[in-house]
Amino acid sequence: MKEKAAQPSFSFEDEHERWMRLALEQARQAEAMGEVPVGAVLVRHGEVIGQGHNRVITLNDPSAHAEIMALRDAGARENNYRLPESTLYVTLEPCLMCAGALIHARIKQLVFSTSDPKTGVIDTVDHAFQRSYHNHHIAVHSGVLATDSARMLRDFFAARRQRRNADS
Ligand SMILES: [Zn+2]
């Protein structure tokens, strides 16, 4: 057990949860559009510089994942395709495409919520950031508000199955 009284009032975990709640808000927006609920926000020096949610169906765009939408939003706002010193918060473990984009954007840290057993390449089906050919290192923190993100995804897929069954 950690000594609670010795902890400073500021905690990184609280900070991570605060930003992850905004990513969850983004995920809810995706859900409202009938998209798989995944949301992301990009934060630098305590400020949101980009946000987005999954829009692959709405945009007919396989690259319109939440992470990519947040990077595009930040890139346009910052007028720069590189986003150093930033932290990306996303509700689901990134896929291979998004992991690559995060490296290209030179973000500093990735914080994700729940793991993706099918396409999560950070520490589930692969360890994409640990490949020796990358010349940029991204720190990773996972499991922040994982129960909330997992529940949102589970409820979404359950409702979709139910609708499909009702239609058939
Ligand atoms: Zn992705």
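Reply: A quick word on labels before the sheet: helices (H or I, at least four residues) and strands (E, at least two) are DSSP runs, numbered from the N terminus. What you have is a predicted model, so to speak of a local feature takes pLDDT of at least 70, side-chain atom pairs count only at pLDDT 80 or more, and totals for chains, interfaces and linings use all residues. Residue numbers start from 1 along each chain as its sequence is written.

Now the sheet. Five strands make an open sheet with mixed pairing, in the order β2-β1-β3-β4-β5; two strands count as paired if DSSP finds at least two bridges between them. At the edges sit β2 (47-53) and β5 (139-142), each pairing on one side only. From one strand to the next the twist averages 15°, where axes are lines fitted to C-alpha atoms (for helices, over the stretch in contact) and angles run from 0 to 180 degrees between N-to-C directions.

Start with β1. Six bridges tie β1 to β2 in the antiparallel sense, with Gly39 partnered by His53 in β2. The two strands form a hairpin with two residues between them, and His45 in that turn has a positive phi of about 50°. β1 also runs antiparallel to β3, joined by four bridges; there Ala40 stands opposite Val90. Five of the six residues of β1 are buried, so this strand is mostly covered (buried means 20 or more other C-beta atoms within 10 Å of a residue's own, exposed 12 or fewer, partly exposed in between, with C-beta atoms placed from the backbone).

Over at the other end, β4 (residues 109-114) and β5 pair in the parallel sense over four bridges. Leu110 faces Val140 of β5 there.

What packs on all this? Helix α5 (residues 146-167) sits on the sheet, touching β3 and β4, and its direction makes about 60° with that of β4. Contact here means C-beta atoms, placed from the backbone, within 7 Å. Helix α3 (residues 66-78) lies across β1 (39-44), β2 and β3 (87-92), at about 135° to β2.

Then there's α4 (residues 96-104), with Cys98, Ala99, Ala101 and Leu102 buried. Down the α4 axis, the buried residues fall within an arc of 160°, so they line one face of the helix; the arc is that of the directions from the helix axis to the C-beta atoms. Those residues pack against α3, β3 and β4. Just after α4, Arg106 takes a positive phi of about 60°.

How values were computed. Two residues are in contact if their C-beta atoms, placed from the backbone, lie within 7 Å.
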